Amino acid sequence: MSNVETIIYAVLAFIFGSVIGSFLNVVILRTPRKESIITEPSHCFSCGHRLAWYDMFPIFSWIFLRGKCRYCKSKISPRYMIIEAITACLYCLAFICFRFLWNGDVWKLVFSAILFPVLIVLSAIDIDHFEIPYWCSISVAVLGAASFLIFSDETVWYERLIAFGIVIVLFAIMVLIGGMGGGDLQLMGGAALLLGYKVFAALFIGIILGAVYGVIKKFRDRKSERIVSHTIEGIAEKWYQNQLDRDIGYVTDGNADIIVGSISEGNPDIEWEFLEEKFWKGLPEKAELSQALREKITDEREGGFKIFIKGNKIEKVKYSRRMVFGPFLAFGIAASWLVGIYIIGWYMSLF
Ligand SMILES: [Zn+2]
C-alpha cells in the first residue's frame, strides 16, 4: 500500500465512521425508549420538519448550519455531531493501526468496526440513564468469546480466562463497596475475555480518568448537593417528629440507624430493606416519608442519600449525585484494544 493509498483509505474510514456515528445517534435516542430504529424518517425534534438529504451529512451539516435547524432555527445539541466525530476518528484510528501496527490483520479491523459502536452507544446511554444496556456488555462478551478462536496465536486462552477471573473478583468487590454498578462489572467481564491481560491497561486508564472526573465533579456539585441534603433533612425531621409524637416507628434510645435512599430518573425512593428493625420501636410509616420526598424533590435527577438517625433525632443527611463510570471504562477498553500491548510495554519499562 502506497502512502497516497493509505491516506485515501484513512479518509474513507473516517467518512464511513461518521455515517455509522449518525446511525448510532438514532440507536442511542431510541433504544432506551424501545422505539423502532428504522421506520420513522428523520425530522427536527423541535418543529418536526422532515430533514432533507443535505441536512443529514454527518458532522458537516451541523457545522454548516451552525448547530441550528434550517427550518425553525432552534438549537441542535452538539452531541450528535460529537458522536459522529468520535466514531469517525475511531474508525480512522482502527485503519491506521491495521496498516501500521496489526500487520494487516483484517479480523482486527472487523472487530473494531463492531466494538467501537458498542462502546460509544453504552457510554451515551450510561450518561443519559445511568445504566449500561445488557446487550452492549453481551456484545463485548461475544467478541471476547469469538477471539478465543480468531486471535488464539496472539493471546493464549488461559490468559483470557485468568484476566476474566481477576476482573470479576475485583469488580464484585467494587460493586459491593459501592460506586460501581453491576453494568460496569458485566462490561469489564466481557472486555477481559476480549483483551486478556491487556484489560488491566483498560482498567487502569478507566479508573484514573474516572477518579479525576470524580474529584472535579465533587467540587462542582458541592453546592447543589448541600442544598438537596438540606431539603431531605427538613422533610425527614418533620416526618420523624411526627413519628415520635404519634409514638410509632422511631429508633429507641441509645440506638442509631440509617435510612438509605436514592433518586433515579428524578424519582426519590427509599430502600427500606436496609432498615435495622431491631433498633426501632414499631415500624415507621414508610409510605409517608417516600411520598413527602417525591413531592418536594423534583429537580434532582440522579443520586443517593443517607438519613442518619440517632435516638430521638435526625443527626444528619448526606446526599451525593451519582456518577457514571461506563464512558471511562469504554475509553480504556478502546485504547487498550488499539494499542494495549504498547501501553503495557511502556508501563513495564518503568520498572
Ligand atoms: Zn426545526
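## Ground rules

Axes here are lines fitted to C-alpha atoms, for helices over the stretch in contact, and angles run from 0 to 180 degrees between N-to-C directions. Helices (H or I, at least four residues) and strands (E, at least two) are DSSP runs, numbered from the N terminus.

The model is a predicted one, in which local features need pLDDT of at least 70 and side-chain atom pairs count only at pLDDT 80 or more, while totals for chains, interfaces and linings use all residues. Residues are numbered from 1 along each chain as its sequence is written, and side-chain values use heavy atoms, with hydrogens and water left out.

## Domains

Let's start with the overall division. The protein chain splits into domain 1 (1–106 + 116–122) and domain 2 (221–321), with bounds that come from an automatic or database domain assignment. Between the C-alpha centres of domain 1 and domain 2 there are 45 Å.

## Helix H4 and its partners

Helix H3 (residues 79–100) packs with H4 at an angle of about 155 degrees, the axes being 10 Å apart. H3 is therefore roughly antiparallel to H4; angles under 35 degrees count as roughly parallel, over 145 as roughly antiparallel, 65 to 115 as roughly perpendicular and the rest as oblique. The crossing of H3 and H4 is right-handed, a crossing being left-handed if the near helix is turned anticlockwise from the far one by less than a right angle, and right-handed if clockwise. On the H3 side, the residues in contact (heavy atoms within 4.5 Å) include Ile83, Leu90, Phe95 and Phe98; among those they meet in H4 are Leu109, Phe116, Pro117 and Ile120. By class, this contact of H3 with H4 holds 14 nonpolar, two polar and two charged residues. For this count, Ala, Val, Leu, Ile, Met, Phe, Trp, Tyr, Cys and Pro are nonpolar, Asp, Glu, Lys and Arg are charged, and the others, Gly among them, are polar.

Helix H1 (residues 3–30) also packs with helix H4 (residues 106–129), at about 35 degrees and with axes 10 Å apart. H1 passes H4 in a right-handed crossing. From H1 come Ile20, Leu24, Val27 and Ile28, and from H4 come Pro117, Ile120, Val121, Ala124, Ile125 and Asp128. The residues of this contact of H1 with H4 divide into nine nonpolar, no polar and one charged.

## The four-stranded sheet

Next comes the sheet. Four strands form an open sheet in the order E3-E2-E5-E6, with antiparallel pairing; two strands pair if DSSP finds at least two bridges between them. Strand E3 (267–270) and E6 stand at the edges with a single partner strand each, so one side of each is left without a neighbour in the sheet. On average, neighbouring strands of this sheet are turned by 20 degrees against each other, direction ignored.

E2 and E3 pair in the antiparallel sense over four bridges, with Ser262 opposite Asp269 in E3. These two strands form a hairpin with two residues between them, and Glu265 in the turn has a positive phi of about 50 degrees. Strand E2 (residues 256–264) is joined to E5 by eight bridges, and the two run antiparallel. Here Ala256 stands opposite Lys310 in E5, and Val260 has Lys306 as its bridge partner in E5. Strand E5 (residues 303–310) in turn pairs with strand E6 (residues 313–321) in the antiparallel sense over eight bridges, and Lys313 in E6 is the bridge partner of Lys310. The hairpin of E5 and E6 has two residues between the strands, and Gly311 takes a positive phi near 55 degrees.

## Helices on the sheet

H8 lies across E2, E5 and E6, running at about 145 degrees to E6. H9 packs on the sheet too, touching E2, E3 and E5, and its direction makes about 160 degrees with that of E3.

How do these helices meet each other? Helix H8 (residues 199–245) and helix H9 (residues 286–296) pack at about 150 degrees, with axes 10 Å apart. H8 is therefore roughly antiparallel to H9, and H8 passes H9 in a right-handed crossing. Among the H8 residues in this contact are Ile232, Ile235 and Trp239, which face an H9 set including Leu289, Ala292 and Leu293. The contact of H8 with H9 divides into seven nonpolar, two polar and two charged residues.
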